[in-house]
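Q: Can you walk me through this one? I'd like to start with the aromatic rings.

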Amino acid sequence: MKTIKNISLLLLTIIVLASCEKNVIEYNSESTDIAEFQIHYFEPVAPAKNIFYMYQVKINDKLVTNSTTPLNSYNALPSGAVGLFFTAPVGEVNIKLYQSTDTNLVYDKNVTLQSGKQNVVVHDLQKPPIVFDTQFPFISERKSYYTDTIGYVKFYNLLYEAKEKPTSLTLQYQYQYILHPVYTEEDRDNGLIPEGKKVGDTTGDTKRSDWFNLGKPVAFGETTGWQEVPVKKSSYLAQGSANIYYRILVTSGGEVGVTMDAEGRLRARTTGTNNPMNTYSDYWSLTIGRRSHHFLSGTRNEAPGSAVRTFWAK
């Protein structure tokens, strides 16, 4: 259903895009005086308009990208592959963003960065960014099952009620998955495979699991951290991936018929042409062993609307 955009979270050296100044930033990965970071742009704007693309980005007055690879709304830099980070000395770091032209400076803020990897989120051009720990190194569950292992999802609440008005809602991200997509060796051992079928064949059973909480409820500017999600792959032998289904509950600050329905599910305008108010639900493909950021962003109660934007972290 979705094409998941790649951003980076793993490499220890970043090669700044050749289209910019030919600066190569390298450092010793064991150093404790280097901060590694990605810049995310999540101001609630209409992404189709070029005026909302950052055509030039400077870090401590060093050009790191220009209009050839701009910082697009609801996106991130560095871009192009999983595993890229900008680097800077630990401490106060200056970020400048230029909108539409190389001279239209619209963002000039300092942020304090620590040693290690972090995600820097610009959500309001008048405010300093929010900094999230990337939680690296990634430690993976090593268990293996007949047709599933696990992936990881990290949910962020960056929802605005309207422009310049961050939401006051506390939100619980939930997921569910298809319980029995293929026949397994366990089915065979228990005599549960019907005649004419074999291990690895699809069952045709689309029954889903109960809803599970993905971490704890989060307020604006908070994240759940990395959470394990079962991936019951739909092909027994192929690389494992599966659709995971999501919904969002309002756990604090909600009003039935306004911000949530009678079941507590978030009501929000979509990013479609007419921006209808809908109960949020969606699905995304998750691959065994991979990690995906899920950013809820945009405006809940007016255009341009809101959506969950996802990026691979691994």
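The chat below covers aromatic contacts, then charges over rings, then a sheet.

A: Ground rules for this predicted model: local features need pLDDT of at least 70, side-chain atom pairs count only at pLDDT 80 or more, and totals for chains, interfaces and linings use all residues. Residues are numbered from 1 along each chain as its sequence is written, and side-chain values use heavy atoms, with hydrogens and water left out.

Q: How many aromatic pairs does a search of the whole structure find?
A: It finds 15. Rings of Phe, Tyr and Trp (its six-membered ring) pair if their centres lie within 6.5 Å; planes under 30 degrees apart count as stacked, over 60 as edge-to-face, the rest as tilted.

Q: Why is the pair F42 and F295 stacked?
A: The ring centres are 4.7 Å apart and the planes are at 25°, so the pair counts as stacked. F42 and F295 are 253 residues apart.

Q: Is F42 buried or exposed?
A: Buried (under 20% relative accessible area, 1.4 Å probe, protein chains only). F42 has 0% relative accessibility.

Q: And what about F42 with F311?
A: Centres 6.3 Å apart, planes at 90°, so that pair is edge-to-face. F311 is also at 0% relative accessibility.

Q: Which residues form the aromatic cluster?
A: F42, Y74, F132, Y156, F295 and F311.

Q: New topic. Which ring does the charged end of R290 sit over?
A: The ring of W312, 4.1 Å from its centre. The test is NZ of Lys or CZ of Arg within 6 Å of the ring centre and within 35 degrees of the ring normal.

Methods:
Helix = DSSP H or I, 4+ residues; strand = E, 2+ residues; numbered from the N terminus. Buried < 20%, exposed > 50% of the residue type's maximum accessible area, 1.4 Å probe, protein only.
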